[in-house]
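Hello,

Here is the structure we talked about. Please open it first, then read the notes below.

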Amino acid sequence: MTDTFIWVGQHPGLDLCNTTPVIDGTPVDLLTGSEALVAWAAGAGLPVPPAGALSVRCVRWCRALRDGLRAAFDPPARDPDRLGHIDGLLHPVRGTLGLVIAPDPRVVLRSDDPDAQFRLDLAAATVPALALDPARVRRCASGTCVLLFHDVSKAGRRRWCDMAACGNRAKAAAHLARSRSAR
């Protein structure tokens, strides 16, 4: 099922936003339920909860986090209180600090509730995307694509979510236009 998801964001926070692509002109929500959310988490390298452990409420929360992140990143839809919305989502999620000793000591957030633990893990993996350089977080240059990506190229001039998809279509269209005008 992880092949259903689009992994072009260069960061889990952007890849979460990309779970609402436009396919054949129609917005599609790839997070259809707890199974899809668990599959996305596995593909993103997040800890995966036990099968059937996530509630419908948790799935709704994860979609709300995704929508809040998209509003924070997507320039056409800039939300003036974009971070306040995300903070409001994070505030009720409770956990305790713990220490993981091996392989290298680090502090983690823990909860006995599988829903809360998943929310903690998802937030810890995705919300740090807000610290990315805003000039390098972009929406695909294709007018029909809504995917976001972090431009990690050396020159910083990446325009397409994926060169094999949107970039190739744009180049083919430009070539066709040049061919027609040359005739």
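Leaving aside neighbours within four places in sequence, which residues is Arg-106 in contact with? They are Gly-98, Leu-99 and Val-100, where contact means heavy atoms within 4.5 Å. Arg-106 is found in strand 4 (residues 106-110). Strands here are DSSP runs of E, at least two residues, and helices are runs of H or I, at least four, numbered from the N terminus. Arg-106 counts as partly exposed because its relative accessibility is 45%; buried is under 20%, exposed over 50%, partly exposed in between (1.4 Å probe, protein chains only).

A word on the source. This is a predicted model, where local features need pLDDT of at least 70, side-chain atom pairs count only at pLDDT 80 or more, and totals for chains, interfaces and linings use all residues. Residues are numbered from 1 along each chain as its sequence is written, and side-chain values use heavy atoms, with hydrogens and water left out.

Now the core. The largest nonpolar core has 33 residues. Such a core is a set of buried Ala, Val, Leu, Ile, Met, Phe, Trp, Tyr and Cys residues joined through side-chain atoms within 4.5 Å. Helix 3 gives the largest share, eight residues. Apart from this core lies another, of eight residues, including Phe-149 and Trp-160.

Phe-118 is among the residues with the most contacts inside the largest core. Not counting residues up to four places away in sequence, Phe-118 touches Leu-37, Ala-41, Pro-47, Pro-49, Leu-54, Cys-58 and Cys-62.

Best wishes
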